[in-house]
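Thanks, everyone. I have one structure to show today, and I'll keep it brisk. Let me put it on the screen.

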Amino acid sequence: VRHAEPNEDVHPFLKNKAIRICVSPEVESAIAAIANGPVITIANGIEIPSISAEKCYEVFIAGFKNPSMALALSTDSDVTVETTHVPRNKFLKQLASARIAVVLPHPDEGFFLPALEAMCLADIAIIPDCIGNRSFCIDAEHDGGNCLMPSYNQEEITGAIRRAKNILNDPVRLHQIKTNAMSTVNAHSLSRERQEFLKLISNVDELWHEG
């Protein structure tokens with residue numbers, strides 16, 4: 001979404017004619033009115049392997065994109081924090097070992113793939129609002145809720161952790177959130193992304209002419 005900010009170094013390129021593929025509707029909304037040429041969303045896809053792991057973390061915080069916030073949230077003894085980048089297979093194992101996974105994005109993201117990984121592998125995911133995740137992260141208080149999606153501040157995230165702990169004691173509600181989460185994950189497959197891209201390519205001449 002930062003492409004829409006006039007002071008960003010990528011902003012001037014929007015004046016060049018191009019077919020632009022956005023990773024989320026939020027990015028498309030941010031640039032559609034100022035981009036020269038067609039603007040289309042093909043939401044990110046991901047492949048997440050099946051991982052068997054003992055649930056040894058009550059709360060796991062992935063804080064490599066915001067270490068200071070992660071450390072500020074780690075005051076309780078049942079919280080495990082990772083503030084450095086680790087190999088993906090290790091990161092996924094950490095998520096699979098968590099009952100509650102808190103994944104911290106940058107404040108402004110175009111999509112945020114770790115959200116899908118956390119939804120898939122943890123019992124319940126907490127994913128703060130980072131703009132580009134609004135189209136697929138739905139707070140558990142709403143119909144189709146697949147995670148907890150607090151505002152991006154320490155107080156709101158701390159409150160979401162408390163909410164998540166209560167949900168762990170409600171198997172019916174937890175099952176519904178997990179079912180919704182897996183539906184979201186499955187809808188963001190690499191095969192779907194590939195099909196949508198190939199469909200775009202097959203119409204590229206028409207798109208270019210219209211743009």
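I'll go through the sheet, then the rings, then the salt bridges.

Keep in mind that this is a predicted model.

Look at E5 and E6. They pair in the parallel sense over 3 bridges. Ala101 has its bridge partner in E6, and that partner is Ala125.

On to the rings. The count is 3 aromatic pairs. Take Tyr57 and Phe60: their ring centres are 5.6 Å apart and their planes sit at 20°, so the pair is stacked. Stacking needs planes under 30 degrees apart. Phe60 is buried, at a relative accessible area of 1%.

Phe111 and Phe136 are also a stacked pair, 4.3 Å centre to centre, with 15° between the planes. This one links distant parts of the chain, 25 residues apart. Phe111 lies in the loop between E5 and H4, and Phe136 in the loop between E6 and H5. Buried or exposed? Phe111 is buried, and Phe136 is buried too.

One more ring: Trp208. The charged end of Lys17 sits over the Trp208 ring, 4.4 Å from the ring centre.

Last, the salt bridges. The whole structure has 12. One of them joins Arg2 and Glu8, at 2.9 Å from N to O. Arg2 is partly exposed at 40% relative accessibility, and Glu8 is partly exposed at 29%.

Asp129 and Arg134 form another, with their closest N and O atoms 2.9 Å apart. Asp129 is partly exposed at 23%, as is Arg134 at 46%.

Then Arg163 and Glu141, at 3.3 Å, N to O. Here too the link is between distant parts of the chain: Arg163 is in H5, Glu141 in the loop between E6 and H5, 22 residues apart. Arg163 is partly exposed at 27%, whereas Glu141 is exposed at 52%. Shared partners join Asp139, Glu141, Arg163 and Arg173 into one salt-bridge network.

That's my tour. Over to you.

Notes:
Residues are numbered from 1 along each chain as its sequence is written. This is a predicted model: local features need pLDDT of at least 70, side-chain atom pairs count only at pLDDT 80 or more; totals for chains, interfaces and linings use all residues. Side-chain values use heavy atoms; hydrogens and water are left out. Rings of Phe, Tyr and Trp (its six-membered ring) pair if their centres lie within 6.5 Å; planes under 30 degrees apart count as stacked, over 60 as edge-to-face and the rest as tilted. Buried means under 20% relative accessible area, exposed over 50%, partly exposed in between (1.4 Å probe, protein chains only). Helices (H or I, at least four residues) and strands (E, at least two) are DSSP runs, numbered from the N terminus. A charge sits over a ring if NZ of Lys or CZ of Arg is within 6 Å of the ring centre and within 35 degrees of the ring normal. Two strands pair if DSSP finds at least two bridges between them. A salt bridge is a side-chain nitrogen of Lys or Arg within 4 Å of a carboxyl oxygen of Asp or Glu.
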